[in-house]
2 protein chains.
Amino acid sequence: MRSPLSLQEKITLLSQFYRREHRLPGYAEMLTLFDYRSRNAVFKLLRRMELAGVVRIGANGKLSATDRLSGAIRLLGQVKAGFPSPAEEELADTISLDEYLISHPAATFMLTVSGDSMLDAGIHPGDLVLVEKGREARHNDVVLAQVDGEWTLKYYICDAHGVRLEAANRRYPPIRPRQSLQIGGVVRAVIRKYR
Amino acid sequence: MRSPLSLQEKITLLSQFYRREHRLPGYAEMLTLFDYRSRNAVFKLLRRMELAGVVRIGANGKLSATDRLSGAIRLLGQVKAGFPSPAEEELADTISLDEYLISHPAATFMLTVSGDSMLDAGIHPGDLVLVEKGREARHNDVVLAQVDGEWTLKYYICDAHGVRLEAANRRYPPIRPRQSLQIGGVVRAVIRKYR
DNA sequence: ATTATAGGTGAACGATCGTTCACTGACAAG
DNA sequence: CTTGTCAGTGAACGATCGTTCACCTATAAT
């Protein structure tokens, strides 16, 4: 017979369930999850988890996950400041990458960079870009554009001389479209994943 | 009296509820959300939404969100291929940034880059880095390390001569620690958000 | 005009939820 | 040793859920 689980261990179980099932368990499922026999115990545990900030209980009794449960991470300051103390860490905001980087999920796509035309802008081959369709390109945006039948990333430059596309690599000359320019979307973020 | 909502409009309502409340609505809430009077109508609508791939109904009748509802984006191929046809787009995998970039949310932190010592590695001032605590640094990892009381990002180089930290910018010489080296964590991803 | 289908309604039923109350045992504090 | 607190149990109750069945109306297809 194992010793009773701590609150943190129960939070871990709940988080694992949430990430696996994309929903919070019902009362019957929580009886099994926490090895309880009493729904009142579940009721009380949820109060304690709300105090711990991992769930929220609506006015109608409905249970929601907070960012703390759903895989968000802690948002700290600048690199040079490093990590704060554990107490300060505990108070740090949480941030969901999905929510922070994507405002229109249905219009946003992830593509992999294969060329080096934007190297000086810090966009390397193998990087990932989030491209939002249907967003009007503005001066200095990085855009996904079609040039000579091939898609490419470039700066979108719009000045007194009209519109042109510029690479961020001196090996690639600016492109002035003769016909209409086809912009697939605007780059909203660049991501480089290690290991 | 408005015309009846299409399935897609109902999916949009459901997605908005999910992103606002971090849970799916119950039957009573869906009556209000979709302007229904009958729980059987909700029941049938959920079948249709499951066929559309935006929710999943478990063996126990419990409702879960799929990635399509929860803000994931479509994963396409390489930039040079651009966007596929609408039919191909529909079949594309979805990907959640939270799940893709973060394997240990509780041990991962986001910090903002302020220096230029890693410029040649495509890490610019203003970029965001995801740093995972408690992960052992390996050769060629980008790490968050403490040098002379200040935290910095560097390559972690481990060879026959021992351990040293190298910048990705010729203006910064390699660092060979005289005392023990303090590594705060390993950089798992770099993110640059535009606009 | 007839038939079929889609998408809604209402009712009924058993299951589950959400909450309250009284209680118990273990443990900590005085 | 006594008292207080915490975290669980069990029971009860009304509310909500999840599902099935029969039915209706609008629309499309024949």
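**Close-up views of a protein–DNA model**

**View 1. Protein residues surround DNA strand D.** In this predicted model, 19 residues lie around DNA strand D. The closest are Lys10(A), Asn40(A), Arg48(A), Ala28(B) and Arg39(B). A residue is near a strand if one of its heavy atoms lies within 4 Å of it. Sugar and phosphate make up 58% of the atoms of DNA strand D that come within 4 Å of the protein. By class, the residues of this surface are 5 nonpolar, 5 polar and 9 charged. Ala, Val, Leu, Ile, Met, Phe, Trp, Tyr, Cys and Pro count as nonpolar; Asp, Glu, Lys and Arg count as charged; the others, Gly among them, count as polar.

Residues are numbered from 1 along each chain as its sequence is written, and chains are lettered from A and ligands numbered from 1 in the order in which they are written. Local features need pLDDT of at least 70, side-chain atom pairs count only at pLDDT 80 or more, and totals for chains, interfaces and linings use all residues, while side-chain values use heavy atoms, with hydrogens and water left out.

**View 2. Polar contacts reach DNA strand D from both chains.** A polar contact is a pair of N or O atoms within 3.5 Å; within protein, one must be able to donate a hydrogen and the other to accept it, and residues adjacent in sequence count only if both atoms are side-chain atoms. An N or O atom in the side chain of Asn40(A) is 2.6 Å from a base oxygen of DNA strand D. Ser38(A) uses a backbone N or O atom, which lies 3.3 Å from a phosphate oxygen of DNA strand D. The elements that give two or more residues to this surface are α3 (39-51) of chain A, with α2 (27-34) and α3 (39-51) of chain B. The largest share, 5 residues, comes from α3(A). Helices (H or I, at least four residues) and strands (E, at least two) are DSSP runs, numbered from the N terminus.

**View 3. DNA strand C has 19 residues around it.** Ala28(A), Arg39(A), Asn40(B), Lys44(B) and Arg48(B) come nearest. Which atom of Tyr27(A) is 2.9 Å from a phosphate oxygen of DNA strand C? A polar backbone atom. Arg48(B) has a side-chain N or O atom 2.7 Å from a phosphate oxygen. For a polar side-chain atom of Lys62(B), the distance to a phosphate oxygen is 3.1 Å. Two or more residues each come from α2 (27-33) and α3 of chain A and from α3 of chain B. The largest share, 5 residues, belongs to α3(B). The surface near DNA strand C holds 5 nonpolar, 5 polar and 9 charged residues.

**View 4. Helices α2(B) and α3(B) pack together.** Their axes are 10 Å apart, at an angle of about 85°. That makes α2(B) roughly perpendicular (65 to 115 degrees) to α3(B). Axes are lines fitted to C-alpha atoms, for helices over the stretch in contact, and angles run from 0 to 180 degrees between N-to-C directions. Contact (heavy atoms within 4.5 Å) involves Tyr27(B), Met30(B), Leu31(B) and Phe34(B) of α2(B). Residues from α3(B) include Arg39(B), Val42(B) and Phe43(B). The contact has 9 nonpolar residues, no polar and 1 charged.

**View 5. Helix α1 (residues 7-21) of chain B crosses α3(B).** The axes come within 11 Å and cross at roughly 90°. The two helices are therefore roughly perpendicular to each other. Leu7(B), Lys10(B), Ile11(B) and Leu14(B) of α1(B) meet Leu45(B), Arg48(B) and Met49(B) of α3(B). This contact divides into 5 nonpolar, no polar and 2 charged residues.

Methods:
Angles under 35 degrees count as roughly parallel, over 145 as roughly antiparallel, 65 to 115 as roughly perpendicular and the rest as oblique.
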